[in-house]
Amino acid sequence: MIQDKAQWLEEASKKIKVPKELIEKAFKDELDGNPSLDAPLEIPDIMDITYKYTYGGISRFFREIRDNKQLYGTKCTQCGKVWLPPRINCNECYTPTQWVKLGGTAEIATYTIVYYGTSVFFGKTPYVCAFVKVAGADTLIMQNVFMEDVKKARVGMKLTIQFKEHRNGDMGDFWFVPAQEEL
Amino acid sequence: MNKVGIVGVGTTSFKARWLEKTYYELAYDAAKLALEDAGIDKKEVGGVVYGIYNEFFERQFMPDVYIHNYIGMGLKPSVRVATGGATGGAAVFVGWTWIASGLYDIVMVLGVEKATDNYNYTVGHSTPETLKAILFSGDMTFENPMGLTAAASYALPLIAHINKYGTPTEKQMAMVSVKNHKNAMNNPIAQSPKLLTVDDVLNSKMITYPFKFYDNCLYSEGASAIILASEKVAKALSDNPAWITGVGLSLDKAFAGERDDITIFTSSLYAGRDAYKMSGIKNPRKELDFAELHDAFTGAEILSYEAFNFCKPGDGGKLIEDGVVEMTGDLPVSPSGGLIGCGHAVGATGVMQTGEAALQVQGRAEKRQVKNARVGLVQSIGGPATAWTAAMIVERQDKIKGKGVKGARVKAKVKSARRKR
Ligand SMILES: [Zn+2]
């Protein structure tokens, strides 16, 4: 049996960054019951790691979004294919690409509606996750499409880009909404 | 290339939670079952290929090294395969190459997965953390932040397919769920044996459009092992081994937005073509006696009928409507119950399915036996938007002629090894 329950909870909470009450609830049997020595013993645990991640060659893509509210793709200098997500080289021609400015109009190529997401998306369901064809790009990019009634989402729906007010330099800085003509 | 036989099969129960076992304890159980089934000692194994998908599930990076130690294989060759949901199938593929190349005579392929040690304290359940662990497999810059879940990953090509062909309908998908839950009732290791109606499925809670609760497979924990052997050893060990006569492996563009056609499972099409070609199958609809497909979601099974050329693109839904893929039909799909009925213990799943196919062609599948099963297809899908497929053809070859001098010698060798035990 756990000798000092308060101490155990204190340390567990610090270790896995979860409030004591929730840990107490999850470990009720171990804390209050009288499990045998051979009963399976569970422990609170966590795996986490922090980063200072570099975007490398596509850094400008996120700077343009964050600082200028501007979407960019990259164009292959040989075959002319416009990549979005951008990449600094073409995997077909093995040649470098150059940055091209893209507009804010797009269309749903395919989509789904997520009603049950991960813990990161608590409070955000249901949401539309789509492959979107941005005008001027030759590939599709995955993005969220926000609308009041998610059931209205359909393949071919016309979209407009929207930028977040306070932008961080990641894909969460922008999303799409149905274009005026869809409303 | 040398012929590759399957001479031993061992699978633990697939369960929502194995509270009483760790991943290496589960791996040990499957290894022991498979060795016993093959009638060999662990000393006779030339090397082990491990199929384990997710580090965050196991709470361990490089879990294979600890399993290799735990099951007493120290110093033998070993490699781990991790190809998302296709991990088990791809592990079989790699094990196959070890035998086909002539490098080893006996190889163990061992798949294992925990999934529900993950725990979300806010909701008091594993699922949101398990989903989160999977989501680290989506591109961290461009896909993970968009909330791409495993179900969404399948729904994106499926909705594109429905938009183009009008099928599969939600009812056709529900029929797949009913079938696989029902098939699982004949499988003693299955997690979700259930008699459901089409309405039960249609009325269940929406998870990821168009998948309702019963359209989804569940997270499972479990382990599965098979023993592969070269022709001479397989014939020495068994009068009736199963043979892997064709394999295929394909990885489509993981950034699915770059694909030429997102309406079909192209990696399954390619892996299937290669496997069919190797085993000389020209008309799979006629020549296959059964298939164990990767029904992570009902719609995926139907799109797989099409990718594997059981029918034309768009016609997959008809196969379930016409009963073709039922146990009573002429091409039963997933007699084990598949991922929906038996369960999806990711790294173990493709190994379990290959083992099931071996049991079928050997006539050892008990209550789920397909009559006169001679040739079967196994499919293992993984990665973003079904990027990965491993496909295997497993078959029986009746009346193996004279074992020859070489074979007899191997038999003597295997017997002496057994005596030493
Ligand atoms: Zn190019």
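## The sheet of chain A

In this predicted model, chain A holds an open sheet of three strands in the order β2-β1-β3, with antiparallel pairing. The edge strands of chain A are β2 (82-83) and β3 (97-102), and each of them pairs on one side only. Strand β1 of chain A covers residues 71-76 and is joined to β2(A) in the antiparallel sense by two bridges. Within this pairing, A:Lys75 stands opposite A:Val82 of β2(A).

Helix α4 of chain A, residues 59-68, lies across β1 and β3 of chain A. The helix runs at about 150° to β1(A).

## A salt bridge between two helices of chain A

Over all chains, the structure holds 31 salt bridges. One of them lies within chain A: A:Lys20 forms a salt bridge with A:Glu10, and the closest N and O atoms are 3.1 Å apart. A:Lys20 belongs to helix α2 (residues 20-26) of chain A and A:Glu10 to helix α1 (residues 5-16) of chain A, so the pair ties together parts that are ten residues apart in sequence.

## The sheet of chain B

Chain B has an open sheet of nine strands with mixed pairing. The strand order in chain B is β3-β2-β4-β7-β1-β8-β11-β10-β9. At the edges stand β3 (78-81) and β9 (290-292) of chain B; each has a single partner strand, so one side of each is left without a neighbour in the sheet. On average, neighbouring strands of this sheet are turned by 25° against each other, direction ignored.

Strand β2 (residues 47-51) and strand β4 (residues 106-113) of chain B run parallel and are joined by five bridges. B:Tyr50 stands opposite B:Leu110 in β4(B). Helix α3 of chain B, residues 63-70, packs on the sheet and touches β2, β3 and β4 of chain B. The direction of helix α3 makes about 135° with that of β2(B).

## The interface between the chains

Contact between the two chains involves 43 residues of chain B and 48 residues of chain A. Together, chain B and chain A bury about 3700 Å² between them, and 71% of that area is on carbon and sulfur atoms. B:Tyr121, B:Phe142 and B:Met146 supply 23% of the area that chain B buries against chain A, more than any other three residues.

Between chain B and chain A, 13 residue pairs are in polar contact, counting pairs with both residues at pLDDT 80 or more. Four elements of chain B give two or more residues to the side that touches chain A: α2 (55-58), α5 (127-135), α6 (150-165) and β5 (206-208). By class, this side of chain B has 23 nonpolar, eleven polar and nine charged residues.

Two salt bridges are found across the interface of chain B and chain A. In a salt bridge between the chains, B:Arg59 pairs with A:Asp45, and the closest N and O atoms are 2.6 Å apart.

## Backbone exceptions

Most residues other than glycine have a negative phi, and most peptide bonds are trans. B:Arg59 has a positive phi of about 60° although it is not a glycine. The place of B:Arg59 is the loop between α2 and α3 of chain B. B:Arg59 is also the residue that forms a salt bridge with A:Asp45.

Each chain also has a cis peptide bond to a proline. In chain A, the peptide bond from A:Leu84 to A:Pro85 is cis, with omega near 0°. A:Pro85 lies in the loop between β2 and β3 of chain A. In chain B, the bond from B:Tyr209 to B:Pro210 is cis, with omega near 5°. B:Pro210 lies in the loop between β5 and β6 (211-212) of chain B.

Key:
Residues are numbered from 1 along each chain as its sequence is written. Chains are lettered from A and ligands numbered from 1 in the order in which they are written. This is a predicted model: local features need pLDDT of at least 70, side-chain atom pairs count only at pLDDT 80 or more; totals for chains, interfaces and linings use all residues. Side-chain values use heavy atoms; hydrogens and water are left out. Contact means heavy atoms within 4.5 Å. Buried area is the accessible area (1.4 Å probe) that two parts lose on being put together, summed over both. A salt bridge is a side-chain nitrogen of Lys or Arg within 4 Å of a carboxyl oxygen of Asp or Glu. A polar contact is a pair of N or O atoms within 3.5 Å; within protein, one must be able to donate a hydrogen and the other to accept it, and residues adjacent in sequence count only if both atoms are side-chain atoms. Ala, Val, Leu, Ile, Met, Phe, Trp, Tyr, Cys and Pro count as nonpolar, Asp, Glu, Lys and Arg as charged, and the others, Gly among them, as polar. Two strands pair if DSSP finds at least two bridges between them. Axes are lines fitted to C-alpha atoms, for helices over the stretch in contact, and angles run from 0 to 180 degrees between N-to-C directions.
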